[in-house]
Amino acid sequence: MANTASGSATVGVQAEAIHGDVNLYYAPPDATPAETFELGLRYLSGGMPEKARECVGDAVARGYVTSRSCFYLVLAMVSGRTVQQMTDADLTALRSLRGRLSRQPRDAWTDAAGAVMRLIDSLESHEQDPRILIKELEELAPAQRIEITRHLEIFLHGPLQDWIWQRAFDQARRDQRADNRTERVWKFFHPRPARARVRVPRPAKVDLVVYLRCAAASIVLALLTAFVAWAAWQQDWPITLSTLAVVVGAAVVSARTIAEWRFRTVRRGAKDRALLPRQRRPVGAVDGFTRRIERSIDRYFGRYVPGNADRADWLAFTSGIRAALRDELAELYRESRISARRVDWLIRFTASEVKSGWQEGHLWEYRTRLRIPAHLKVLCVLAIAVVGGGLGRIVAEAVESRPFSAIGATVVGLLAGWAAIRDGLGIFVEHRRFAADVAEAEDLLEARVAAYERWCQRLADKPSDLEMARWLDCDRKVLMDDAMRHYKLAPRNLVAHAFIEAPAPGRKQARVRNGPWRFSRYRLLIFLLTEDGVRQMTVESDFEKARFHGMDRLNYRFDAVAAVQVAEADDGHKTFELTLVNGHPIEAVVTAVSIEPHEDERSVSRVTLDAAGLSNTLHVLEGIAAEGKQWIHHERLREEGRLGKLASAVHEMLE
């Protein structure tokens, strides 16, 4: 990963995601040659030719020889490289393909492989008419022709390079926004959402002492009531019997209405308190995961503001809701070892629901549902009055029969009744609270699961890493075309070119397992080397929208390059530095970022640098820094020497 910066400039990162469930760049240790070849093919399509050469070459060496594998082995060898970068091992591999390819039946792949070989051979043989080769390329099947034009842009030069580049540029402009890019790229940077969860309701919890106290008080009340009723029975049993029947019925009604009244009052109060603004806990009181959750909650609630509400008032009103949501999500997901961003969908859903509730009045729906109906109040008061009147009549009869014992039993019974009612109501409300919490949790889980499934469905067409690589390659080629048009250069006018694809400040970043980092914002640097010097063009690319912004151009002579280096810090950060004689720095900061536990940090860094195009850039710019303008002459001499060996290997294949 590279980012251009100057001086002490810093690079900000908005979000990061690792798609560890995607095995695009993974093969098991015991992979077959065919599986290794397919892995190499994915590396090549993903813009990582170095890894592609390893995998495809290994597959062919282990016996996976087909016309298709031979074609892609040749492409992998030349992709992203110049002639000088071809090694002796590459030449040996090319020679070994002669017999293997000759045994394959002729098809589109053998024709394409032969066309590539003849293109390479033409680099040394200047007598060959390029129009014949161009005609041969045009007659290839589109799939093979597109692959050739994509991977040979650096390798070729001369009239063939003009044709290859023009086809590549035209194809890039056609494909730059293909497959609904602008509507899908953002999904690549969104992590796989965490599954919907809700808090398990707190079980009904009543101390055993309360149960025992309530039972004891109820027994005492029952015994004393029976004693008073027996005393009244002795005085006037017909009146006592009728009154007692009325009191029992009224007592049942009053108990039910009092309990319902109490539950509704307590429940409504608890929900009211949940909506009350809360003070934030001190920063030190929350961990990193909770702090990230809190920032996401604040961001989404700040975004989902009702149209009829002031933003400051809205945030003040929802502080209690946000604090409760923060605590809930921290409790539910902290121990799952997941990124806080994976619950963003749930935060967004909750913020949207709260906003909708505000606008439609649903936030206070519970107050209507838990309101004490007038008929309940009337019934409760009447039942209590009947119980009180009936008991008074029975006590009066009992006092006439047994004055002192009836009065004492009544006083103690009232105390026992108060204790039994108090504890009984507490037990009833707690169990009703648990039942209500369970019902609400089930409804909430159902709503969250539905929202989770909707979000997963929306992310279902998330682009693959190969699509991201293809779009990025299109952006680079379109910028290359624009730069050459601006400077009025044809491909044959270039001595060499190089590029760096660097992340821009404020980007989102994501990658698949073992794959390179992809970014939502890039700085694309193009270096065009001509006989007269270096033309450098830098733009910022909004990768999600396929747009370029802020074009900067810089021209300098070869002898203006003072130094080129890649510095590695102790913490693994790498910095590409190009320094001009006037002191102007051009930096590409390579930042070590997180990896999955099972991944190798060096491997991830390697494929990221490979995809960023840093290898060829260093080859070109280090040569300029060391040799100045003489680099052109020396480079051509080196190219001629390497071309001789390369042509010899290709001749053997073509014979």
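What relative accessibility does arginine 422 have, and how is this residue classed? Arginine 422 has 37% relative accessibility, so it counts as partly exposed (buried is under 20% relative accessible area, exposed over 50%, partly exposed in between; 1.4 Å probe, protein chains only). This is a predicted model in which local features need pLDDT of at least 70 and side-chain atom pairs pLDDT 80 or more, while totals for chains, interfaces and linings use all residues. Residues are numbered from 1 along each chain as its sequence is written, and side-chain values use heavy atoms, without hydrogens and water.

**View A. Arginine 422 and aspartate 423 meet in a salt bridge.** The N to O distance is 3.2 Å (a salt bridge is a side-chain nitrogen of Lys or Arg within 4 Å of a carboxyl oxygen of Asp or Glu). Aspartate 423 is at 5% relative accessibility, so it counts as buried.

**View B. Aspartate 461 forms a salt bridge with lysine 187.** Their closest N and O atoms are 2.5 Å apart. This pair links distant parts of the chain, 274 residues apart: aspartate 461 is in the loop between H18 and helix H19 (465–486), and lysine 187 is in helix H9 (residues 181–188). Helices are DSSP runs (H or I, at least four residues), numbered from the N terminus. Aspartate 461 is partly exposed at 32% relative accessible area, whereas lysine 187 is buried at 7%.

**View C. Glutamate 260 and arginine 264 pair within helix H11.** Their side chains form a salt bridge of 2.8 Å, N to O. The two residues are four apart, about one turn of the helix, and both are buried.

**View D. Seven named residues are linked in a network of salt bridges.** They are Arg202, Arg267, Lys271, Glu430, Arg433, Asp437 and Glu440. The whole structure holds 39 salt bridges.

**View E. The largest pocket is lined by 39 residues.** A pocket, on a 1 Å grid over the protein atoms alone, is an open set of points where a 1.4 Å probe fits, with protein on both sides within 12 Å along at least five of seven lines; lining residues have an atom within 4 Å of a point. Lys271, Ala274, Glu328, Glu440 and Leu444 lie nearest the centre of the largest pocket. Helices H11 (237–275), H14 (319–333), H15 (344–360), H16 (365–369) and H18 (403–458) each supply at least two residues of its lining. H18 gives the largest share, nine residues.
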